[in-house]
Amino acid sequence: MESRNGNEVVVVTGASAGVGRAVAREFASHGAHVGLLARGEEGLEGARRDVEAAGGKALALPTDVSDHEQVEDAAERVEREFGPIDIWVNDAIAVVFAPFWEIPAEDFKRSTEVCYLGTANGTRAALKRMRERDRGTIVQVGSALSYRAIPLQSAYCGSKHAIRGFTDSVRTELMHENSGIHITMVQLPAVNTPQFSISKALLPNHPQPVPPIYQPEVPAKAIYWAAHHRRREIYVGTSSVAVILGNKLFPALADRYLARTGYDSQQTSEPVDENRPNNLYNPVAGDHGAHGIFDEESHSESPQLWATTHRSWLVAGALGLAGAAYAAARKL
Ligand SMILES: NC(=O)c1ccc[n+]([C@@H]2O[C@H](COP(=O)([O-])OP(=O)(O)OC[C@H]3O[C@@H](n4cnc5c(N)ncnc54)[C@H](OP(=O)(O)O)[C@@H]3O)[C@@H](O)[C@H]2O)c1
């Protein structure tokens with residue numbers, strides 16, 4: 001899938017930090033021209049430098065994804081500078097950590113507007129252009145929490161579930177019109193990103209991702225792969241597979257387990273200042289990069305991701321082994 005200038009044109013929302021920052025870099029390493037959407041100008045500038053260092057071209061576009069007009073303007077700018085958009089990645093989020101009844105109504109609304117409506121806004125701007133050409137790919141960055149909600153993240157988990165439902169609706173509408181556009185969702189495990197240091201946390205202690213934790217380059221590779229294959233959905237990491245399948249089989253057991261463990265497993269032993277600067281309404285100053293503060297505990301590889309992206313090899317290997325075993329058995 002290549003644009004008229006020979007390089008893929010890609011839009012990444014939430015490109016200034018975390019997973020989105022690593023995704024922009026991953027596409028750039030394949031020569032992509034990348035539209036970088038987020039609000040923080042220092043983070044966007046860092047992402048622009050990363051993309052150019054990796055061999056791509058970058059266009060940094062300060063955008064609040066909760067505002068559909070800003071997203072539409074950004075899409076317009078990307079096409080004017082780089083040509084038709086081939087791939088759109090919806091990654092941006094803004095989280096508030098607290099029990100539901102302690103989250104101010106305004107904060108709940110705002111988190112939902114960024115996480116859920118931001119994804120709908122990105123999808124709308126992408127489809128407006130892709131449907132005219134009957135081609136393109138939209139990748140929704142999801143989470144194991146798109147299937148299994150956990151305590152202290154009701155706004156985020158509600159949005160991730162909503163994105164999954166929204167995406168299924170849009171997929172069937174595209175299929176109804178025999179569209180050539182592909183829409184897919186990548187369900188991530190816990191990732192070491194700045195999220196836990198820059199999000200709003202109304203908790204006693206510093207939030208943390210629930211181990212096992214992966215470095216953001218792992219989901220970035222999965223998202224790149226998903227953008228170039230016709231898979232409906234991809235789970236990243238053994239923990240995502242276990243959480244999603246386990247919850248399908250034993251949801252009430254999962255409720256009880258999470259009620260018992262979910263508060264402690266999402267907090268370090270360090271206290272957090274609930275008035276720390278947070279990114280719910282405005283970006284936090286500075287360039288936060290792709291990685292968070294959990295480098296030492298984080299995995300840089302996922303054997304499960306290798307297996308899911310090479311499953312035809314695995315099937316061929318298994319069939320080969322079965323054939324060899326059958327042939328050997330016939331000789332006995
Ligand atoms: N980290 C994990 O453990 C984890 C686990 C599963 C799935 N995921 C998924 O990975 C994706 C990224 O999460 P992350 O952990 O990388 O988050 P992050 O480190 O907090 O980064 C969030 C990104 O979204 C941008 N953003 C926030 N509000 C925005 C707004 N209103 N408009 C435009 N951009 C906005 C931020 O930039 P500005 O502040 O500069 O705007 C930043 O670039 C999400 O879809 C999340 O669901 C993460």
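Figure 1. An N or O atom in the side chain of Lys160 lies 2.8 Å from an oxygen atom of the ligand. This view, like those that follow, is taken from a predicted model. The side chain of Thr193 also takes part, with an N or O atom placed 2.6 Å from a ligand oxygen atom. On its own the ligand has 880 Å² of accessible area, of which the protein covers 97%.

**Figure 2. The shell around the ligand.** The ligand is surrounded by 31 residues, and the closest are Ser16, Arg39, Gly40, Tyr156 and Thr193. Sorted by class, the shell consists of 17 nonpolar, nine polar and five charged residues. Two or more shell residues come from each of the helices α1 (18-28), α4 (105-133), α5 (154-176) and α6 (195-198), and likewise from the strands β6 (137-143) and β8 (190-191). Strand β6 provides the largest share, namely three residues.

**Figure 3. A nonpolar patch on the surface.** Three residues, Phe100, Trp101 and Tyr263, make up this nonpolar surface patch. Together they have about 410 Å² of accessible area. Phe100 is located in the loop that runs between β5 (96-97) and α4.

Figure 4. Glu45 and Arg48 are joined by a salt bridge in which the closest N and O atoms are 2.5 Å apart. Both residues belong to helix α2 (residues 41-53); because they are three residues apart there, about one helical turn separates them. Glu45 is partly exposed, with 29% relative accessibility. Arg48 is likewise partly exposed, its relative accessible area being 24%.

**Figure 5. A salt bridge between Arg110 and Asp64.** The side chains of these two residues form a salt bridge with an N to O distance of 2.9 Å. Arg110 is part of helix α4, whereas Asp64 lies in the loop between β3 (57-62) and α3 (68-82); the pair therefore ties together parts that are 46 residues apart in sequence. Arg110 has 8% relative accessibility and so counts as buried. Asp64 is also buried, at a relative accessible area of 14%.

Figure 6. Lys128 and Glu72 form a salt bridge, with 2.8 Å between the closest N and O atoms. Lys128 sits in helix α4 and Glu72 in helix α3, and the pair thus links distant parts of the chain, 56 residues apart. The two partners fall into separate accessibility classes: Lys128, at 47% relative accessibility, is partly exposed, whereas Glu72, at 19%, counts as buried. The value for Glu72 falls under the 20% limit that defines a buried residue.

**Figure 7. A network of salt bridges.** Salt bridges link five residues into a network: Arg21, Arg25, Asp50, Glu217 and Asp287. Across the whole structure, a search finds 21 salt bridges.

Methods. Residues numbered from 1 in each chain as written. Predicted model: local features only at pLDDT ≥ 70, side-chain atom pairs only at ≥ 80, totals over all residues. Heavy atoms only, no water. Near = heavy atom within 4 Å. Polar contact = N/O pair within 3.5 Å; in protein donor to acceptor, adjacent residues only side chain to side chain. Areas by Shrake-Rupley, 256 points an atom, 1.4 Å probe, with all protein chains shown as cover. Helix = DSSP H or I, 4+ residues; strand = E, 2+ residues; numbered from the N terminus. Nonpolar A, V, L, I, M, F, W, Y, C, P; charged D, E, K, R; others polar. Patch = residues over 30% accessible without salt bridge, like charges linked within 9 Å, V, L, I, M, F, W, Y side chains within 5 Å. Salt bridge = Lys/Arg side-chain N within 4 Å of Asp/Glu carboxyl O. Buried < 20%, exposed > 50% of the residue type's maximum accessible area, 1.4 Å probe, protein only.
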